[in-house]
Amino acid sequence: MTHSSRPERLLENLTLARVEGEGALRVEVSGGKVTDVQLRIYEPPRFFEAFLRGRAFTEPPDITARICGICPVAYQMSACLAIEAACGVTVDGPLRDLRRLMYCGEWIESHTLHVHLLHAPDFLGCDSALELAKTHRGAVERGLELKKIGNEIVELIGGRAVHPINVRVGGFYRTPSRRDLAPLRERLLHARDLARQTVEWVAGFDFPDHVVDAELVALHDPNEYAVLGGRIMSTGGLDIAVDDFSDHVTEHQVERSTALHARLLERGHYLVGPLARFALNYDQLQPIAKVAAAAAGIDGSCRNPFQSIVVRAVEVLHSCDLAVELIDGYEPPDRAAVPVEPSERTGHGATEAPRGLLHHRYRIDAAGLITDAVITPPTSQNQAAIEHDLWHLIEDNLDVDDEPLRALAEVAIRNFDPCISCATHFLDLTVVRS
Amino acid sequence: MTAPAAARTIVVIGIGHRFRGDDGIGPRVLDALRDAGPPGVRYVELDGEPSRLIDAWAGADLAVVVDAARSGGPPGTIHRLDQRALMSPGRGGAVSGHGIGLADAAALGEALGRLPVRLRIVAVEVADTGPGTTLSPEVASALPRAVEVVLGELAHS
């Protein structure tokens with residue numbers, strides 16, 4: 001990204017609202033062209049990979065769950081898969097189904113929050129979720145109810161809704177009975193109706209014409225809409241094993257951001273997330289989700305990031321329906337976890353977090369301690385592609401005044417639902433004294 | 001205030017992250033209250049995500065929210081706000097890990113008719129929210145007082 005010393009137009013201090021974490025966008029325009037786009041992430045660095053060194057191989061699911069309050073299940077599952085791969089263990093059958101069910105809960109929660117409270121206001125001329133609650137109360141209530149049902153899945157299987165405590169390497173500490181899951185099934189039938197309404201609702205929004213110029217990357221599994229493992233594939237023909245991820249992706253530091261930028265070797269920026277999953281795995285969606293997608297006028301050929309809100313809504317419907325199917329087919333396993341013995345090896349694991357591919361790599365020593373950990377979250381993979389997308393979008397809209405252009409850029413960033421960090425929460429308080 | 005105590009629903013919500021220094025003050029106050037608080041009170045630890053916050057307090061007669069605050073005042077200072085003060089202009093701005101702050105969550109709850117009958121906020125001014133499981137000396141020494149303030153709110157319910 002080149003710097004010009006005196007841009008003729010500068011859009012600055014666009015502090016991002018309704019994204020997960022703290023970030024800002026800075027755009028420079030000179031000679032009628034965009035000369036610089038910087039998505040700045042100033043969330044403090046978090047050093048999770050360093051925390052993990054020297055810890056027992058059983059600890060990453062609990063430690064990495066703390067990286068994110070919205071998608072802790074994703075961190076737990078990628079950690080488990082990586083460590084199990086290192087130790088030569090495969091978790092399948094009902095334990096794997098329970099993992100998928102728990103993951104459905106997280107997708108429902110995370111996507112529903114984004115669709116209803118963070119992104120929908122953009123398309124309905126509202127400044128905030130609050131304004132939306134006043135103008136579209138029914139939709140917001142539906143979103144909160146749907147999200148709550150997602151919470152209930154994670155809570156029932158994970159032991160609690162935030163940072164679940166029941167996940168371990170090899171499986172779970174305790175598994176539910178069929179009777180435990182029965183009330184959840186009823187709730188999910190209700191959720192499925194709500195999710196169908198949500199798809200219809202968002203399909204009616206107006207979307208700017210825009211095509212994202214990025215290779216789309218996601219896990220692919222011929223037998224299911226991939227979430228827990230698979231091969232890493234792209235719209236550009238990439239087809240690699242999860243173990244080969246580190247050979248194909250480089251992460252590098254950029255001054256403006258405390259998140260690393262990821263690039264595909266020989267290919268450059270790329271995009272993970274709902275749009276990528278849709279592009280690569282549309283055929284594996286639950287039939288009910290495909291019907292709803294078709295009615296909404298969207299399929300795997302969609303490349304408009306503004307329509308990712310529709311894709312998220314379809315993925316929520318898919319998750320509700322899949323969760324019912326998993327409950328119907330559930331037979332409690334003989335044991336809550338497969339025994340896992342440490343092995344002096346490196347293991348890779350990847351799952352589809354709500355925001356996209358989440359890759360973990362751990363090196364374990366003979367004593368079962370972690371000697372090296374590398375976590376590549378979706379937002380750091382997407383950062384370069386988001387900047388690239390904004391560059392084109394802003395260049396196509398340079399005739400637009402600053403304020404509406406800022407607003408458009410902000411919506412465009414939210415298209416990718418960046419999760420900059422969910423680590424801290426503050427009541428930012430101004431004390432007014434008279 | 002005429003309903004008998006047993007019929008009233010009271011919830012204390014601690015917001016914060018235990019691994020981020022002083023941000024853990026809300027959960028720490030909950031720990032102390034679980035030992036020292038009156039019976040019949042529900043304790044909920046949250047990360048501040050608005051929909052869970054609204055779920056936690058909806059239908060309660062009294063909800064006391066304990067949170068970390070950053071207003072520029074001396075660390076350890078305890079702020080007490082009621083719902084009206086929280087939602088007045090200039091307070092409780094929307095800088096949070098989720099783009100929606102406590103004040104906005106309260107406003108959202110109000111718009112949806114899902115606020116507790118009484119909402120009280122006890123916010124402790126923080127010094128250091130870097131990674132770590134300990135509170136700064138200023139905030140640690142404010143902890144007993146924060147617990148007392150919450151107990152006071154419960155006693156006056």
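A residue is taken as buried if 20 or more other C-beta atoms lie within 10 Å of its own, as exposed if 12 or fewer do, and as partly exposed in between, with C-beta atoms placed from the backbone. The model is predicted: local features need pLDDT of at least 70, side-chain atom pairs count only at pLDDT 80 or more, and totals for chains, interfaces and linings use all residues. Residues are numbered from 1 along each chain as its sequence is written, and chains are lettered from A and ligands numbered from 1 in the order in which they are written.

In helix H10 (residues 287-295) of chain A, the buried residues are A:Ala289, A:Ala292 and A:Ala293. They share one side of H10(A), because they cover an arc of only 100° around the axis (the arc of the directions from the helix axis to the C-beta atoms). Exposed residues A:Pro287, A:Ala294 and A:Ala295 sit on the face turned away from the buried side. Just after H10(A), A:Gly297 adopts a positive phi of about 75°.

Chain A also holds an open, antiparallel sheet of three strands, ordered E12-E13-E14. Strands E12 (346-353) and E14 (370-376) of chain A are at the edges, each with a single partner strand, so one side of each lacks a neighbour in the sheet. Pairing requires at least two DSSP bridges. Six bridges join E13 (residues 356-364) of chain A to E14(A). A:His360 stands opposite A:Ile375 in E14(A).

Definitions and conventions: Helices (H or I, at least four residues) and strands (E, at least two) are DSSP runs, numbered from the N terminus.
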